[in-house]
Amino acid sequence: MTNIHSTAAEMASALSKKEITSVELTKAHLDRIADVDGKLHAFLYVDSEGALVQAAEVDAKRAKGESLSPLAGVPIAVKDILAQKGIPTTAGSKILEGWRPPYDSTVVAKLKAAGVVILGKTNMDEFAMGSSTENSAYGTTQNPWDLTRTPGGSSGGSAAAVAGFEAPLAIGTDTGGSIRQPAALTGIVGVKPTYGGVSRYGVIAYSSSLDQVGPFGRTVLDTALLHEVIAGHDERDSTSINSPVPQVVAAAKRLDVKGMKIGVIKELSGSGFQAGVSARINESIELLVAAGAEIVEVSCPNFEYALAAYYLIAPSEASSNLARFDSMRYGLRVGDDGTKGAEEVMSATREAGFGKEVKRRIILGTYALSSGYYDAYYGSAQKVRTLVKRDFENAFTKADVLISPVTPTTAFKIGEKSNDPVAMYLSDIATIPVNMAGIGGMSLPVGLAEEDGLPVGLQIMAPLMQDDRFYRVGGTLEAALLSKWGKPILSTAPDLAVKK
Amino acid sequence: MAAISRDDVAHLAKLARVEMTPDELDHMAVELEQILGAVKRVQEVATADIPPTSHPLSMSNIFRDDVVKPSLTNEEALSGAPAKAEDRFKVPQILGEE
């Protein structure tokens, strides 16, 4: 029977066979949110009314025999960084508290057009700056596997919603790992598509040359189905790639990696990674070999500089992007008592509206871009970006996809790194190179670490616009792992339900 | 590279239009120093012969047809304004006393 624990593909199938209605399915998820979100705090806003209206519309169309998109009637959670018309959109910041966008982002418009039912907006680190949701102005999201731990970030609310069965699917954004890292820490699938593969129109910008929207799901196929709904060229995003969307659904169903060359990145393995993480990655490599793949070792010597370059490039772009929050046209305005000038009001508003990490990055970016320091910092970081791209180009001459752990450790405790920015930044060490080069990457759950029983993610990376390759490898490995385990690892996570 | 002083941070905060309390300035100076210490590693490999990459895709001059399409109404565009008057955004004075 179809229920909230089903996959999105199973839900879609049950809906098309009229075994369940979208209204029933949506209500079941709204009930689950009411039951467990007090513990998880995955959502910043739940749009029960809008979701049920949307679900009823899909049901009516289906009753009339209209042709519907594959995911029509299936619910979804959307990261609160994507504009949705009339729905509060905060990006996790006080500076946007109460703002209701007058338009839909392209991704939200595509979800609506496909009949995917939007349950609400999910928690995140303020302006996507963070790796734990602890930088949200509206409280921290808890990890469904252990409520004392973070779900990762910045898209931690979206990941926790999917792992906690509040939604079968979710949308996130990934600038340095903000989809892949929370997917890894919560035991679900998360994909950062090729840069330009999904429109950024209506997505509140953090670092425009790195930001990318992507899907979360509990299976590779579910994630692929969502990927195909949201991807594609958009003339309203000038960095959108004008070529066909990779056939990721077909790739996810292929279940075959015979003859594929899989490159293990030497610099992202061994010391520096938790033993239980490395053990699961090695087990995955063995399963891929058993499935007929060839393993090669590749070296990416410049990756060790990628993290440093990222923490110059992203804050630099952020310091420019966040200038739009000027208290003049939307959002918070403080101190406008009729005696103060615009500049004073602006400075006071930004002081009151931005959190600590956002201020830190704005100041860092302002410094890195200032004359006298530009060449030494931002300029050098751009050169490192060239070196990272070259490392990937070389590696992809030897392998079809590359693999590594997603994170150095499993989910960390809430509060453990919040007072040490450099330690927090290190949790993105394996995910950042992908954003620097603009390629796509997947986080696939590959089991639990022996020492703490928490999920481990394998990162699978492919060249620009070859996203189908990581769905092919991910789908094959997922099937091999499932036959080994007998059941999905998420079914072993704690049951959070209060209502029985 | 010179250390970051409290005054430097105050200057950056002014450039970035973010007011900061004396306590915040103290903390930020220390944190910036730490972060810059970690990120200045980029200089080790950024030699003169390496071209910079500012963007992952090499794109330039993306055009689209110059056709008027439906857009926000005046009311929608002003819907989030902190203050408005006569169908316009109302802002604090920008040129001193009138």
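Helix α1 (residues 6-15) and helix α2 (residues 22-39) of chain B pack at an angle of about 105°, with their axes 9 Å apart, and the two helices are therefore roughly perpendicular to each other. Angles from 65 to 115 degrees count as roughly perpendicular, under 35 as roughly parallel, over 145 as roughly antiparallel, and the rest as oblique. This is a predicted model, in which local features need pLDDT of at least 70 and side-chain atom pairs count only at pLDDT 80 or more, whereas totals for chains, interfaces and linings use all residues. Residues are numbered from 1 along each chain as its sequence is written, while chains are lettered from A and ligands numbered from 1 in the order in which they are written.

**The helix pair of chain B**

- Axes are lines fitted to C-alpha atoms, for helices over the stretch in contact, and angles run from 0 to 180 degrees between N-to-C directions.
- In α1(B), the residues B:Arg6, B:Val9 and B:Ala10 meet B:Leu25, B:Asp26, B:Met28, B:Ala29 and B:Leu32 of α2(B); two residues are in contact if their C-beta atoms, placed from the backbone, lie within 7 Å.
- The residues of this contact comprise six nonpolar, no polar and two charged.
- Ala, Val, Leu, Ile, Met, Phe, Trp, Tyr, Cys and Pro count as nonpolar, Asp, Glu, Lys and Arg as charged, and the others, Gly among them, as polar.

**Chain B as a whole**

- Chain B contains three helices and two strands, in the sequence pattern α-α-α-β-β.
- Helices (H or I, at least four residues) and strands (E, at least two) are DSSP runs, numbered from the N terminus.
- The radius of gyration of chain B is 23 Å, whereas a compact globule of 98 residues would have one near 13 Å; the value is taken over C-alpha atoms, and the globule rule is 2.2 Å times the number of residues to the power 0.38.
- The C-alpha trace of chain B spans about 55 × 45 × 25 Å along its principal axes.
- Of the 98 residues in chain B, 20% are buried; a residue is buried if 20 or more other C-beta atoms lie within 10 Å of its own, exposed if 12 or fewer, and partly exposed in between, with C-beta atoms placed from the backbone.

**The contact between the chains**

- Chain A gives 57 residues to the contact and chain B gives 47 residues.
- On the side of chain A, the elements that give two or more residues are α10 (306-321), α11 (342-353), α12 (356-369), α13 (375-395) and α14 (421-425).
- The largest share of that side, 11 residues, comes from α13(A).
- By class, the side of chain A that touches chain B has 27 nonpolar, 16 polar and 14 charged residues.

**The sheet of chain A**

- Chain A has an open sheet of 11 strands with mixed pairing, in the order β1-β3-β2-β4-β6-β5-β10-β11-β9-β7-β8; two strands pair if DSSP finds at least two bridges between them.
- Strands β1 and β8 (294-298) of chain A stand at the edges with a single partner strand each, so one side of each is left without a neighbour in the sheet.
- From one strand to the next, the twist averages 25°.
- Strand β1 (residues 43-46) and β3 (117-122) of chain A pair in the antiparallel sense over three bridges, and A:Val46 has A:Gly120 in β3(A) as its bridge partner.
- β2(A) and β3(A) run parallel and are joined by five bridges, with A:Lys79 opposite A:Thr122 in β3(A).
- Strand β7 (residues 261-265) of chain A also runs parallel to β8(A), joined by five bridges, and A:Ile265 has A:Val298 as its bridge partner.

**Burial and packing around the sheet**

- Five of the five residues of β2(A) are buried, so this strand is largely enclosed by the rest of the structure.
- On one side of β2(A) lie A:Pro75, A:Ala77 and A:Lys79, on the other A:Ile76 and A:Val78, and all are buried.
- In a regular strand the side chains alternate between the two faces of the sheet.
- In β3(A), six of the six residues are buried.
- Helix α3 (residues 48-63) of chain A lies across β1, β2 and β3 of chain A, running at about 155° to β3(A).
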